[in-house]
Amino acid sequence: MFGHTRGKRSAVTCHLKCDDACAKHAPNETANPTFHEIANAALSRRMLLRGAGAGALTLVVGSQLVGGAPEAAAAVRPAGSRGGWDGAWRGGKGGSGNLRFAPIAPVDQLVDDFTVPEGYTWDTIIRWGDPLFDVADVFDAAHQTPELQARQFGYNNDYLDIIVIPWATDEALLVSNHEYTNHNIMFPETADAAMLACYRKVEMEAHGLSVVHLTRERDGAPWSYTVGNPYNRRHTVTTEFTLSGPVAGSDLVKTVADPSGRTVFGTLNNCAGGTTPWGTVLSGEENFNGYFVGRGTDQEARYGISTAATSYGFETIDPRFDANNAGYEQEAHRFGWIVEVDPFEPQDAPVKHTALGRFKHEAGSIQVGASGHVGVYMGDDERFDYLYKFVSKDTMDPDVLNPASRPHNKQLLTDGTLYVARFTGDSPAAEIDGTGTVPSDGAFDGTGEWIPLVREGVSLVPGFTAEEALVFTRLAADAVGATKMDRPEDVQPNPKTGKVYVACTNNTNRGLEGRAPADEVNPRTANRDGHVIEITEDADVTGTTFSWNILLLCGDPSDPDTTTYFSGFPAEKVSPISCPDNLAFDSRGNLWISTDGQPGTIGYNDGLFKVTLEGPERGRVEQFLAVPREAETCGPVIHDEDGMVFVNVQHPGEDGTWTEQTSYFPDYVAEGATPAPGDWRGPRPSVVQVYRSKRGR
Ligand code: FEO
Ligand code: CA
Ligand code: CA
């Protein structure tokens, strides 16, 4: 029905979530060099010199070290960057590492169950359709209305944080986004136009973000959500957002409905995000292209916007989703941004920060430099697209729990410098043969630089105004020779070491004819299983040079057709892992990886994995949980000090139909039991908490 997919997700995921991105030509057609070509990239060098002045000269010349042996950079922990300021919002009591577990076995892709280690149990905190404001807004899948959905928890929750309130540690705010909708399982089929329009309005209200107040009886006890709490909030495709930064008010974002170019209705396809030290949440608008009908421009093509009808059909009920409608040519320019929502100020409109560029955003992970300047790491999840970083112009007020500091800190992302990454490998190109075999120096590694695109409202890219470089960031990054990556998803700094981890989820087009070949930072041809890169900034997050190495080449080590790499840890002792997506850390600095796509690659349900980073067990991968059939594991939150793990279970059972569901997560009925009349018999995307069985409720 939805066409062929290439070894990763179900066809439904590809169609709805990514607008069949994998079945289409990857939109980065540029011939900007791989890093093996950079030594000879005089063109790129001249472009930078013209645009960036003498400061850039030093950086560019300094990057021409292909084949050299970079000195091992010291692990940098920017003073006070995390664990103090940011840790305040976690409510943590210091890492006791209270999350010991025996890894679970991989779970077959047809199993419709949520699997946890022995000694642990799970339950949901909140599910799609649960009421936020009034217990009377009862979920009834067969009778959903837009008005009800706007007052209930949304669909396909992706980014998640559980922000323990520093002044009330038995209370927390759950902040989650809602990436997309699966209409094939949410609604009965219909040929009735009015009913179809109603479904689409429900879907609009099921997108966006939720803020939900939680309580618990004591530290370490499971959380419950509170209906009707004043913090509870829904932001959807129809609620108000404010544009900030250099593009706010620009002609490039004006529409007939918003001649000011400053107010946007809605947010779309929110994926990975981040929580700021000042207690707000960032959320990346990812595959926004799938909601718009374009006019066939080159700029639209670079962002994957096609001229065809969309699978969501929003353009059939709202003219702004079709750029061919007069006055709405620019509506798509108002999506593809990092959104900042303040869960502690329920009346504030969320802000879309244009200074952080427009692309298919993943992450938004903050690290604070020694100077107090704030850096934000971001991925652009597309085959052959780029890794970015933003550094604020102003410095953070470290007194983050003082309400007086918040107005200043909430302005930090409105002005600064946007960079894109260029990686250089240190091994001869001939040793990177596309198989994943480690080169003779023993590592996939090298150096890199952050190339500035826009600094404080001034473009550094020849031929682009600042507004153009921010609205068409992919094209600006093409022009400066950024490194084409294997779909950078989440990007997270380790609070213990300051090192930054990048999940490149996969790229089956790597090395195919006419496409960029394998290189040292994307070293596998037809990269089915993805990899994780470890970056060490030479100075701190504010700097412009770094070193890097590959931590993991993912896959099933027992598959003779796959070459994996686990930083030297014995492959026979790791849990198989594929398609790394979201990243998190526990208080001891262990990396936790959630996956999206294992059923299509290694045949197992997606899961959450702990990876040891330091000591003799570096590279050890241990599976902690598995999500149900056809679901993706998202938004892991690790509160190991409480012995608790939280994940979003996104798109369970999405290959089903209304009448033939394939998952019943999370409200399973005991075998042989009969569901009560009126019970919803289908899956509900949910927030799950995992904790030790003995605690119970
Ligand atoms: Fe929404 Fe790139 O995952
Ligand atoms: Ca090397
Ligand atoms: Ca994802």
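**Exercise 1. Describe the hairpin of E25 and E26 and the surroundings of E25.**

*Solution.* Step 1: The hairpin of E25 and E26 has 5 residues between its strands, and Gly589 takes a positive phi near 90° there. Helices (H or I, at least four residues) and strands (E, at least two) are DSSP runs, numbered from the N terminus. The model is predicted: local features need pLDDT of at least 70, side-chain atom pairs count only at pLDDT 80 or more, and totals for chains, interfaces and linings use all residues. Residues are numbered from 1 along each chain as its sequence is written, chains are lettered from A and ligands numbered from 1 in the order in which they are written, and side-chain values use heavy atoms, with hydrogens and water left out.

Step 2: E25 pairs with strand E26 (residues 591-595) in the antiparallel sense over 5 bridges; two strands pair if DSSP finds at least two bridges between them. Phe585 has Leu591 in E26 as its bridge partner.

Step 3: Because 6 of the 6 residues of E25 are buried, this strand is largely enclosed by the rest of the structure. Buried means under 20% relative accessible area, exposed over 50%, and partly exposed in between (1.4 Å probe, protein chains only).

**Exercise 2. Identify the protein donors of the calcium ion (ligand 3).**

*Solution.* Step 1: Donors are N, O and S atoms within 2.8 Å of the metal (3.2 Å for Na, K and Ca); water is not among the atoms, so sites may look incomplete.

Step 2: The protein donors are Asp581 (OD), Asp581 (OD) and Glu632 (OE), at 2.4 to 2.9 Å from the ion. This pair links distant parts of the chain, 51 residues apart: Asp581 belongs to strand E25 (residues 580-585) and Glu632 to strand E29 (residues 632-639).

Step 3: Asp581 is buried, with a relative accessible area of 1%; Glu632 is buried as well, at 0%.

**Exercise 3. Locate Ser567 and state what it touches.**

*Solution.* Step 1: Ser567 is placed in the loop between strand E24 (545-553) and E25. With 17% relative accessibility, Ser567 counts as buried.

Step 2: Contact means heavy atoms within 4.5 Å. Not counting residues up to four places away in sequence, Ser567 touches Ile550, Leu551, Arg618 and Gly619.

Step 3: A polar atom of the Ser567 side chain lies 2.8 Å from the backbone oxygen of Leu551.

**Exercise 4. Give the strand order of the open sheet that contains E8.**

*Solution.* Step 1: The 6 strands follow the order E8-E7-E12-E11-E10-E9, with mixed pairing.

Step 2: Strand E8 (263-265) and strand E9 (270-275) each have a single partner strand, so one side of each is left without a neighbour in the sheet.

Methods
A polar contact is a pair of N or O atoms within 3.5 Å; within protein, one must be able to donate a hydrogen and the other to accept it, and residues adjacent in sequence count only if both atoms are side-chain atoms.
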